[in-house]
Structure formats: structure tokens, C-alpha cells
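Subject: Structure handover

Hi,

Here is the structure I promised to pass on to you. Have a look at it first, and then read on for what turned up.

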Amino acid sequence: WLFIVALGIAGAAIAIAGTHSQYDVRLLVWVVVAAAVAGFKIRLPGIMGTLSMNYVIILVALLNLDVGAGMIVALTSTLGQCLIHTQERPRWFQVVFSVAGVPLPVLAANLALHSGWVERGDSSGGVALLSASIAYFVINTVTVAGIISLTTQRSPLEVWRTSYLWTSPQYLVGGAIAWAVHFLNKGFGWGAILIAGPPLYLLYRSYTTYLGRIQEQQDHLGE
């Protein structure tokens, strides 16, 4: 726990130190949008955890701004995820781990996004964004599954397989949304980020409906 937190804080500090000041207004808008999107949360089965749609806004920020600005968006939106629309008030160490842990998947996504060999092979950026989505998914879910396994006496692989593996398609679809918003941003300016709202909400509703039906079936079988 301490290792992940310390590593995340160090990575965030280094990334934010290089943020360009000309992003002030745009960065503020993206932070507000990401914090709002963070309220779209999916409760994960079998564990006390949620999955937020904010990773899409984080990917778009990495594409259109820089890693420092993307890091600020990630930190503020993750804090919003912990505090907005929560069924139970999170404990302080849960908030600290969530916020301090998110820089690791952000840095992994940025590394994949700007990988030289990927950029040389695909000028459209689609493969790079797909790689970034996968990198974010793997690092984010593996680190959280590892911590949960320490408190539940379950193997990390079991926690990851049962509670996180099924969310991988959502990350891929979210990556596609981020790619579309990125190209709209080129043509219509940074206000195009607002266009991400409706598809993100539809993605959120589809997963919550799916999980709701599974829960109904389990309740019915238990009667």
C-alpha cells in the first residue's frame, strides 16, 4: 500500500512539474467535465469498489494537452469519484490510495500513447490510443486487485478475474470515444469535450442495466 502511494505521488509530482501554463482555461474546463463524469460509477461485483467513466476524459487530456495536465485531470476526477454519489462514506486510507494510485495507470497510458514504434506504424493514432486504453486498464485494475487481495485473503488473480476482467470491453469502447473526441477537438476546438457526455452516459447505463439484470437473476435463484 505504502509503496504504491509513494510511487504514485512521486510520478504525479514529476508529471505536474512540467505542465504548461497556457493550458489554464482549457485545463479548468477539462477538470470540471472529468469531475462530473466521475459521478457515472459502476459498482463492481464481489468487492467494495466502483468503476468510473473518468478514464475517457483522462485519455483525451493526455492526447490534447500533456501528461502533466492529464495527471491533474486524473487526480481531481478520482477524488470526485471517491466523494460524489457514494453509498457509503469512504475511509481516509481508501481515498488516499485511490488518488495516489491513479498516477501509475496515467503514466502507463501516456507511455503507450507516445510510443515511437506505435506512432511510426499508425499515423491516425488509433492503435496508440488502443494501446493506451489497455495499459490504463491493466495497471489500474492489477494494482487495485492486489491491494484487495491482501484484505480479503483471496488471490490477486481471482480478484482481478472475477471483478475486473469483464470490464475490459468498457475500456476499449471508452478508448474509441476518446479517439472520436480527439478528432472533433481538432475541428471544433476544446469545447468538443462536451460531446463525450452522451456516449459516456449510454455506456454507463448499459453496464448498470446489465449488472442489474445479473443481480436480479442471482436474487431469484437464491429464493
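Helix 1 (2-17), helix 4 (67-83), helix 6 (103-113) and helix 8 are among the elements that cover the buried residues of helix 5. Please keep in mind that this is a predicted model.

Which residues lie under that cover? Helix 5 spans residues 92-101, and its buried residues are Val-95, Phe-97, Val-99, Ala-100 and Gly-101.

A nonpolar patch on the surface is formed by Leu-130, Ile-134, Val-138, Ile-139, Val-142 and Leu-172. Together these side chains belong to residues with about 440 Å² of accessible area. Helix 8, which runs over residues 126-152, supplies the largest share of the patch, with 5 residues. One of the patch members is Val-138, and this residue sits in helix 8.

On the charged side, how many salt bridges does the whole structure hold? The search finds 1. Glu-158 pairs with Arg-154 in a salt bridge, and their closest N and O atoms are 3.7 Å apart, which is within the 4 Å limit. Both partners are partly exposed: Glu-158 has a relative accessibility of 32%, and Arg-154 has one of 23%.

Best wishes

Notes:
Residues are numbered from 1 along each chain as its sequence is written. This is a predicted model: local features need pLDDT of at least 70, side-chain atom pairs count only at pLDDT 80 or more; totals for chains, interfaces and linings use all residues. Side-chain values use heavy atoms; hydrogens and water are left out. Patches are made of residues with over 30% relative accessible area and no salt bridge: like charges are joined within 9 Å, nonpolar side chains (Val, Leu, Ile, Met, Phe, Trp, Tyr) within 5 Å. Accessible areas come from the Shrake-Rupley method with a 1.4 Å probe; for residues, only the protein chains shown count as cover. Helices (H or I, at least four residues) and strands (E, at least two) are DSSP runs, numbered from the N terminus. Buried means under 20% relative accessible area, exposed over 50%, partly exposed in between (1.4 Å probe, protein chains only). Contact means heavy atoms within 4.5 Å.
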